[in-house]
Every structure is written in structure tokens, then in C-alpha cells.
Amino acid sequence: SYYLQDERFLPKEEVRISPDDRGYYFGDGFYEVFRVYNGKLYEPEAHFARLTRTSEGIRIPLPYGIEELHAKLKELIALNSLSEGTVYLQITRGSAPRAQPFPAPARPFLHAYTKPLERPLAAMEAGIRAATVEDIRWLRCDYKTLNLLGNVLAKQQALDAGAEEAILHRSGSVTECSASNVMIVKDGIIVTHPADNLILHGVTRAVVLRLARAAELSVEERPFTVEELREADEAFITGTTVEITPVVSVDGRTIGSGSAGPVTRRLQRDFAASIG
Ligand code: PDD
């Protein structure tokens, strides 16, 4: 399959990444994961807006404009005949001998590839088990940066505990998951952490909140506790690859009825309709 390296399309075998790449030394870079349905990027504007926001926040300029980048990603999808899957795009601060100061001039390095991936229908139906893990990440989780060690350790801790996803909390206040956002439903009200610096502003999260409001469901964007999570009627995670996946147990304890609840099902149906 073809990769995009800066402005060029190359077979994977010909992609060249420098050992002096700052992404490799410092995790000094950022990324996006886009969903492709029917050969088309899903919610591209939201992903590009987040990419631009992170680029400005961490002061790594995009190597070229969003319009050109959008066109390149479309070309990559076509070259790889991708119908259902994801596009991974990563940009680092480029390569220079290992030293913390920004290298001058900045020469950001970009690479992107596609991956075929089916919709996660089985997990969306049966739900997943989650484990709570202390959120030890930095305080700018709203930037979609590399440096995912906090996420990696949390995910592995959850897997080691026999669960599929880690629900992160800061001293008992739930933030998000290792690679998704999380929402609970209590007495018909959907509750999720506000889009501040402690969570990634998920594209799927925003779509789900839009669908919830359109369905006249009540939404509260406020932090909730691990205790509230345990006592919830329903819980589900949202993300580009997981879509809307029910959480049926947390730390081995059943949530609600132990299977996807009515609000989760409604949102799953509306989400499926939104992707066509
Ligand atoms: N993860 N929170 C975190 C920490 C994430 O890494 C992700 C996405 C999300 C959900 O965001 P979105 O709905 O925009 O996908 C929330 C991607 C898929 C990843 O790193 O693989």
C-alpha cells in the first residue's frame, strides 16, 4: 500500500524516517486518525480543525495548507482503493541532532497511511468491559500529540485486568478513556466530561452530543465521579474506531442491566443513519 511522505506518494518500503526525527526522540509531534466510510473521509472539517488547533498550540506548522492536505488524503484513499477503514496522519517537528530547543529552520515531517477496518459491529452489540485507571497524563490532553505513554500504560493495565478499555480518572473524577471518550446515562440524562484541557475533544463525542440534542435527550457536560460511573444506568465510549460502544462492566462490576441500554441503542441507530 502507498504512504504519503511530505508531498509524495511512496510504497511503504520506500518511506524513509530519520533516526534524528524529533517524534522518535521526544514524541515531539501530533496526529489524527480519520474514519473512512464508503471511500470518503468522515467529518473531515472537524478533524482538520483539531489538527490546526494542535498545530498552533504546540507550534509545529503544517507543512502545507489544509486544502492541499485534504486533497492529498483523498488521493491516498483512492490510490489504496480504501473503502472502509482509517487514515493515520502524523506530523513531527522534523529531524535535527538531539537537543530540546526547536530546530531552525522548522522543517516538519509528515507521513500518512491507510488501513482497512470494518465497523466494530460485534463490540457495539455485546459491549465491552472497562477498568478504571488513574489518569497520570499531562495537562494538555486536548492536543492530539504523540507522547502517548500515559495512554499506553493505562490501556495495558486495563488489558492485564481482563478488560478492553481503560477509563481514566483524576483522583476519582472521570476524564476519558485511553483511546476514546466516555459518557454515562443516569435517570435519562447523558453526562460527559466538558471539552476542556483534560480530554481530547473527540470528533465522535461532538457528533454524539449533536445527535442527543437533536433527539431531545438531556445532556450535561460536567465531570462525574467513578462512583457515578458504577451507579450509572448506562455507559458507553465514543471514538473514531469504536463509534458508540456500550460499557457493560467496570472493574468487574455490572453497569445497569449488563447490556446496552435504550439511550445507547438510540444513539447507535442515529449514528448509523448519519454515516449513510
Ligand atoms: N483515538 N480520547 C482519546 C485519548 C483518544 O485517543 C481518542 C481517539 C478519542 C476519541 O476521539 P475521536 O472521536 O475524534 O476519534 C478520545 C484515536 C482513534 C487513536 O488514537 O487511535
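Visitor: Is Glu243 buried or exposed in this structure?

Guide: This is a predicted model, and in it Glu243 counts as buried because 24 C-beta neighbours lie inside 10 Å, where 20 or more are needed. Glu243 belongs to strand S15, residues 243-250.

Visitor: Let us turn to helices. Which residues are buried in H3?

Guide: They are Leu69, Leu73, Leu76 and Ile77. Viewed down the axis of H3, the buried residues fall within an arc of 100°, so they line one face of the helix. Here is the general idea: an α-helix has 3.6 residues a turn, so residues three or four places apart point the same way.

Visitor: Which exposed residues does the face of H3 turned away from its buried side carry?

Guide: That face carries Glu67, Glu68, Ala71 and Ala78.

Visitor: And what covers the buried residues of H3?

Guide: The cover includes strands S1 (2-5), S2 (8-11), S3 (29-37), S4 (40-41), S5 (85-92) and S6 (109-116).

Visitor: How far apart are the end C-alpha atoms of H3?

Guide: They are 20 Å apart. H3 has 14 residues, 66-79, and at 1.5 Å a residue it should span 20 Å, so the two values agree. After H3 comes Ser81, with a positive phi near 45°.

Visitor: How many residues does the largest nonpolar core have?

Guide: The general idea is that in soluble globular proteins, nonpolar side chains tend to be buried together. Here the largest nonpolar core has 39 residues, and those with the most contacts inside it are Ala130, Ala166, Ile167, Ile184, Leu229, Ala235 and Val247. H6 gives the most to this core, with five residues. Apart from it lies another core of 12 residues, among them Tyr3, Phe34, Leu76 and Ala112.

Visitor: Which residues does Ala166 touch?

Guide: Leaving out residues up to four places away in sequence, Ala166 touches Ala131, Val133, Ala154, Lys155, Gln157, Ala158, Cys177 and Ser178.

Visitor: Which residues come nearest to the ligand?

Guide: There are 15 residues around the ligand, and Leu200, Gly202, Val203, Thr204 and Thr240 come nearest. Helix H6 (203-214) and strand S14 (234-239) are the elements that give two or more residues to this shell. The largest share, three residues, comes from H6.

Visitor: How many residues of the shell around the ligand are nonpolar, polar and charged?

Guide: The shell around the ligand divides into four nonpolar, nine polar and two charged residues.

Key
Residues numbered from 1 in each chain as written. Predicted model: local features only at pLDDT ≥ 70, side-chain atom pairs only at ≥ 80, totals over all residues. Helix = DSSP H or I, 4+ residues; strand = E, 2+ residues; numbered from the N terminus. Expected span 1.5 Å × (residues − 1). Arc of directions from axis to C-beta. Contact = placed C-beta atoms within 7 Å. Near = placed C-beta within 6 Å. Nonpolar A, V, L, I, M, F, W, Y, C, P; charged D, E, K, R; others polar. Core = buried A, V, L, I, M, F, W, Y, C linked by C-beta atoms within 7 Å.
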